[in-house]
Structures are given as structure tokens and as C-alpha cells.
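Here are my notes on the model, as numbered points. Please read them with the coordinates open.

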Amino acid sequence: MDAPGGHQERHIETPRPQRQRGGVSCLGSALWEMRVGATGGPSLCPQEVAAVTHVSANGWPVLEQPYTVLWQVPQATRHFRLAPGAPGFLLSHLALWFHETIEPLDVGTWDDWAWSPPRPIRGGTTVSNHCSGTAVDLNSQLHPLGSRNTFRAESVRLIHRRLAHVYRGAIVWGGDWATRADEMHFEIAAGRSSVMAAANRLRLSPRGRRIRRANPGRYP
Ligand SMILES: [Zn+2]
């Protein structure tokens with residue numbers, strides 16, 4: 001079951017953008033093939049590709065729910081609805097590491113979020129990366145939007161080291177944003193080749209194997 005839409009309420013302010021219906025968007029189709037099709041996601045018929053008509057802030061295609069995947073995070077008893085293929089695998093890998101190293105995800109209420117329906121980022125016209133299933137919010141009650149220093153200094157050091165040396169820039173942390181901190185938030189920040197390279201590096205890592213075992217066929 002999907003978690004209730006707490007995250008959505010924080011961001012939805014303007015009506016969802018007009019999307020093409022009943023036709024295939026060339027942009028969407030091309031992007032789908034570039035970004036998702038080549039990452040091991042499902043192959044789609046042209047009608048299905050019509051669901052992809054624009055991209056989120058990081059350039060990944062916005063997805064309707066049927067094109068997302070529920071990724072299980074083993075041991076944490078949490079799942080995240082994310083993009084198929086490499087981006088979903090990488091963010092699940094991060095969530096598992098976070099659960100085991102920084103803070104447990106499964107304590108208290110379910111306050112961990114991932115995909116949300118197409119909507120702009122609050123106060124702007126850019127589409128949130130949650131809409132492309134390429135962002136997660138972890139322990140949002142402990143790390144509310146706009147608050148800084150919600151993590152211990154040692155945790156911040158570990159997060160920075162992890163992002164730099166393991167994901168190598170493929171994932172960034174909202175806690176590093178100068179304008180408005182979003183310390184619960186991690187998102188894909190690279191294109192297909194870098195994300196695929198990072199995912200391939202971690203495929204056979206211990207946590208990579210556990211994620212793949214918990215999600216059979218998702219990232220073979
Ligand atoms: Zn977020």
C-alpha cells in the first residue's frame with residue numbers, strides 16, 4: 001500500500017500542468033527511451049509512452065503512477081515508489097544505507113516519501129523531482145522542510161562522504177541547498193550515463209545484492 005500523501009501537500013500549490021492526452025509526445029517518447037528504457041525498465045508500447053510528456057527539474061521524465069515501481073528496502077520494512085531501473089535502485093540503495101547507518105526509517109509513523117503525481121515545485125514552474133520518481137524524503141518528521149542542523153554533525157559528515165565517494169555525484173542532498181534547506185530530501189542529480197555507472201558499480205555490493213534480492217527482476 002502506498003503511504004498517505006503527506007509530502008504532496010507540502011508542495012502542491014498550483015494546478016497540475018496540462019498534459020497531452022490520447023497522443024504520443026515525441027519529447028516524452030525520446031526521453032523515455034533515453035532515460036528509462038535503457039536502464040532496464042519495462043519496455044512500453046506507444047500508447048503507454050504517451051504518459052510521459054515532460055521532465056522534472058533534474059531532466060528525468062515525469063511519470064504517471066503505473067510507470068513507477070515499488071522498491072522494497074529490506075529490513076527497514078519500508079518501500080518507496082520510484083522510477084524503474086538505475087535511479088530507483090540507487091535511491092533504494094541510499095535508503096538502506098541511511099536506515100542502517102544514520103537513522104532507522106521504520107521508527108514512529110510512516111514519514112518517508114518518494115514519487116508523487118505531477119506538480120510544480122512550490123513557488124516555481126519547475127516540476128519536482130518527486131514527480132519523476134527520482135527523489136526520496138527520509139524521516140521527514142525529524143528533518144522538516146526549511147530546518148537546518150536537524151542531523152548530528154557526524155551524520156552530515158557521513159552523508160557527504162557517502163554521496164561523494166559511493167554515489168559520486170549521482171545523488172545530492174537537500175541539506176546542502178543554500179536557498180531553502182530540505183534535509184529530509186535526496187535526489188538524483190545526474191543524467192543517464194552517470195546514474196547507470198553508479199548503479200552498475202553498486203549492483204554487486206552487499207547492499208546492492210540485498211536490494212536486488214528484495215526486488216526480484218527490478219535491476220537484474
Ligand atoms: Zn522531497
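1. Start with the loop between strand S3 (135–137) and helix H5 (153–165): asparagine 139 is found there. Helices (H or I, at least four residues) and strands (E, at least two) are DSSP runs, numbered from the N terminus. Phi of asparagine 139 is near 50°, a positive value in a residue other than glycine. Asparagine 149 lies in this loop between S3 and H5 too. Its phi is also positive, about 60°, although asparagine 149 is not a glycine.

2. Asparagine 139 has 21 other C-beta atoms within 10 Å, so it is buried. Asparagine 149 has 10 C-beta neighbours inside 10 Å and therefore counts as exposed.

3. A word on the source. This is a predicted model: local features need pLDDT of at least 70, side-chain atom pairs count only at pLDDT 80 or more, and totals for chains, interfaces and linings use all residues. Residues are numbered from 1 along each chain as its sequence is written.

4. Overall layout. The protein chain has seven helices and five strands. From the N terminus on, the order is α-α-α-β-β-α-β-α-β-β-α-α. Of the 220 residues in the protein chain, 42% are buried. Two residues are in contact if their C-beta atoms, placed from the backbone, lie within 7 Å. Among contacts between residues at least 6 apart in sequence, 67% join residues at least 24 apart.

5. S1 (residues 69–73) and S2 (residues 78–82) run antiparallel and are joined by five bridges. Two strands pair if DSSP finds at least two bridges between them. Leucine 70 stands opposite arginine 81 in S2. Four residues separate S1 and S2 in this hairpin, and glutamine 75 in the turn has a positive phi of about 75°.

6. S2 deserves a look from both sides. In a regular strand the side chains alternate between the two faces of the sheet. Arg78, Phe80 and Leu82 are buried on one side of S2, and His79 and Arg81 are buried on the other. Five of the five residues of S2 are buried, so the strand is largely enclosed by the rest of the structure.

7. Which strands pair with S5 (185–188)? S3 is one: three bridges join S3 to S5, and the two run antiparallel. Within S5, phenylalanine 186 is the bridge partner of valine 136. S4 (171–173) is another, paired with S5 in the antiparallel sense over three bridges. Here valine 172 stands opposite glutamate 187. Both faces of S5 are covered: His185 and Glu187 are buried on one side, Phe186 and Ile188 on the other.

8. Helix H4 (residues 86–101). The expected span of a helix is 1.5 Å times one less than its number of residues. For the 16 residues of H4 that gives 22 Å, and its end C-alpha atoms are 22 Å apart, which agrees.

9. The core. A nonpolar core is a set of buried Ala, Val, Leu, Ile, Met, Phe, Trp, Tyr and Cys residues joined through C-beta atoms within 7 Å. The largest has 45 residues, of which Leu90 and Ala95 touch the most other members. S1, S2, H4, S3, S4, S5 and H6 each supply at least two residues of this core. H4 gives the most, with eight residues. Leaving aside neighbours within four places in sequence, alanine 95 is in contact with Val73, Ala76, Phe80, Leu105, Val136 and Leu138.

10. Helix H6 (residues 192–202). Val195, Met196, Ala198, Ala199 and Leu202 are buried. The buried residues of H6 pack against H4, S5 and helix H7 (206–214).

11. Last, alanine 214 in helix H7. Alanine 214 has 17 other C-beta atoms within 10 Å, so it is partly exposed. Alanine 214 and tryptophan 71 are 143 residues apart in sequence, yet 8.1 Å apart in space, C-alpha to C-alpha. Neighbours within four places in sequence aside, alanine 214 is in contact with Gln72 and Pro74.

Terms used
A residue is buried if 20 or more other C-beta atoms lie within 10 Å of its own, exposed if 12 or fewer, and partly exposed in between; C-beta atoms are placed from the backbone.
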